[in-house]
Amino acid sequence: MKTLIIGELINNQISSGTLEIISKAKELNLDFKVVTVGSSDASKIGSDEFTNIYLKYNPNKLNLSNCSNEIKNIIDENEIKLVLSNSSYIGRDIIAFLSVDYKTSPVSNVGNFEINDTELVTFNSINGGEAEYKAKLISDLKLLLIRPKSFDQVELILNDNFETKDISDDDNSLDVFDIHIEEKKGPQLEDSKIVISAGRGMVDASNLSLIEELASKLNAAIGGTRAIVDAGWMPYSNQVGQTGKTVKPDVYIACGISGATQHQVGMKDSKFIIAINKDEEAPIFQISDLGIIGDTLNVIPKLNENL
C-alpha cells in the first residue's frame with residue numbers, strides 16, 4: 001500500500017512523533033515517502049532509506065492550506081492510498097484540508113493499525129482508555145492521525161538527502177502578528193527517559209519545589225495532572241493525560257496522583273511506573289510496578305537527601 005507520511009519540523013529537526021510513524025512504516029515494510037512541513041531552515045532530515053520533501057512555509061504567514069495543496073499534488077502523482085500524520089496541531093490541520101479535498105473522513109487518535117493487502121484496520125481507545133474499538137477503512141484514500149507515543153522509535157541515520165520546496169503566499173494566507181514561545185527548561189516532557197509528575201497530593205503549589213529538586217537530580221522532565229494545571233500550579237504544556245500529553249518514558253514517577261483513568265491514558269505505557277501516595281486504595285497502584293504508601297511531602301524530601 002503506497003503510503004505518505006506527513007512529518008513536522010521542530011527546532012530544525014524531524015519531530016519524535018514523525019520518527020515513530022516512520023519506524024512503524026519500516027516495521028510493516030510499507031512503500032512510503034515523507035513530506036515534512038516547517039518554517040525554519042532544516043538540516044539532516046533526509047535519509048537514504050526514504051525520500052523526503054521539505055515544504056517550507058513563510059513563518060510570518062499562516063498558509064497550511066497551500067501546504068495541503070502541494071501535498072495533494074504529491075498524493076495524486078504517486079497514487080498514494082494511505083496518509084499517516086502525527087496528531088499535532090499542524091498534522092490535524094493538514095489532514096482536515098485533505099479530508100475535504102478527497103471527501104473522506106480521517107480516523108483520529110489511532111493507537112495502532114494493521115494492513116492485509118488492501119484492507120486496513122485501526123485500533124482506537126475510547127472511554128478514557130478503558131475500551132478499544134476497531135475500524136475497517138474502505139475508502140480509496142485512507143487518512144490516519146496517530147496518537148503520540150503509540151509506536152517505538154527505532155534509530156534512523158538522517159542526512160542531507162532531501163528536497164526543499166518553498167510554499168508561496170497568496171490571498172488566502174493570513175498574517176501572523178505575534179508568536180508566543182513558552183520558555184522551557186530541562187528535559188522535554190515528550191522525549192525524556194524519566195518523567196516525574198505531580199498531583200493534588202502535593203497539597204500546595206509551593207511544594208512543587210520538591211519535585212523540581214528531584215527532577216534536577218534525576219535529569220527528569222516534570223509533568224502534572226489536569227487538576228493542578230487547572231489550579232494554575234503549572235502550565236498546560238506540562239499536563240499528562242487524556243486532554244494533555246502522552247508520555248512513554250523508561251521511568252514514570254507519580255507523586256501524589258490518585259491515578260484516574262483520564263491520567264492513566266497519558267502514561268500507562270511507561271516502561272516502569274513508581275507511585276507515591278498515602279491512599280493505599282489509589283487506582284495508580286493498580287498499574288504501578290513499585291508503590292510507596294506514604295505522604296509525598298515526607299517521602300520526596302528523603303529521596304532528595306539520599307540522591
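Guide: Happy to. Helix 1 has 12 residues, and from first C-alpha to last it reaches 17 Å, close to the 16 Å expected at 1.5 Å a residue. That expected span is 1.5 Å times one less than the number of residues. Helices (H or I, at least four residues) and strands (E, at least two) are DSSP runs numbered from the N terminus.

Two notes on provenance before going further. This is a predicted model, in which local features need pLDDT of at least 70 and side-chain atom pairs count only at pLDDT 80 or more, while totals for chains, interfaces and linings use all residues. Residues are numbered from 1 along each chain as its sequence is written, and side-chain values use heavy atoms, with hydrogens and water left out.

Now to the setting of the helix. Because 10 of its 12 residues are buried, helix 1 is largely enclosed by the rest of the structure. Here buried means under 20% relative accessible area, exposed means over 50%, and partly exposed lies in between (1.4 Å probe, protein chains only). The buried residues of helix 1 are Ser16, Gly17, Thr18, Leu19, Glu20, Ile21, Ile22, Ser23, Lys24 and Ala25. Their cover includes strand 1, strand 2 (13-14), strand 3, strand 6, strand 7 and strand 10.

The backbone beyond the helix has a feature to note as well. Asn29 follows helix 1 and has a positive phi, near 55 degrees. Asn11 also has a positive phi of about 55 degrees without being a glycine, and Asn11 sits in the loop between strand 1 and strand 2. With a relative accessibility of 69%, Asn11 counts as exposed. Asn109 is a further non-glycine residue with a positive phi of about 55 degrees, but its place is in strand 7. At a relative accessible area of 32%, Asn109 is partly exposed.

A nonpolar core here is a set of buried Ala, Val, Leu, Ile, Met, Phe, Trp, Tyr and Cys residues joined through side-chain atoms within 4.5 Å. The largest such core holds 25 residues, and those touching the most other members are Ile5, Ile22, Leu84, Phe113, Leu144 and Ile146. Two or more residues each come from strand 1 (2-10), helix 1 (16-27), strand 3, strand 6 (82-86), strand 7 (107-116), strand 9 (131-137) and strand 10 (142-146).

Leaving out residues up to four places away in sequence, Ile5 touches Thr18, Ile21, Ile22, Ala25, Phe32, Lys33, Val34, Val35 and Leu84, where contact means heavy atoms within 4.5 Å. There is also a second, separate core of 22 residues, with Ile6, Val37, Val83 and Leu98 among its members.

Beyond its neighbours up to four places away in sequence, Ile71 touches Leu4, Ile6, Val35, Val37, Leu55, Ile94 and Leu98. Its C-alpha is 9.8 Å from that of Ile53, 18 residues apart along the chain.

Strand 3 covers the helix, as noted, and leads on to another buried site. Ser47 is found in the loop between strand 3 (31-38) and strand 4 (52-56). At 2% relative accessibility, Ser47 counts as buried. Apart from neighbours within four places in sequence, Ser47 is in contact with Ile157, Leu158, Asn159 and Asn161.

Lys134 is placed in strand 9, and its 63% relative accessibility makes Lys134 exposed. Lys134 and Thr122 are 12 residues apart in sequence, with 5.5 Å between their C-alpha atoms. Not counting residues up to four places away in sequence, the contacts of Lys134 are Val121, Thr122 and Phe123.
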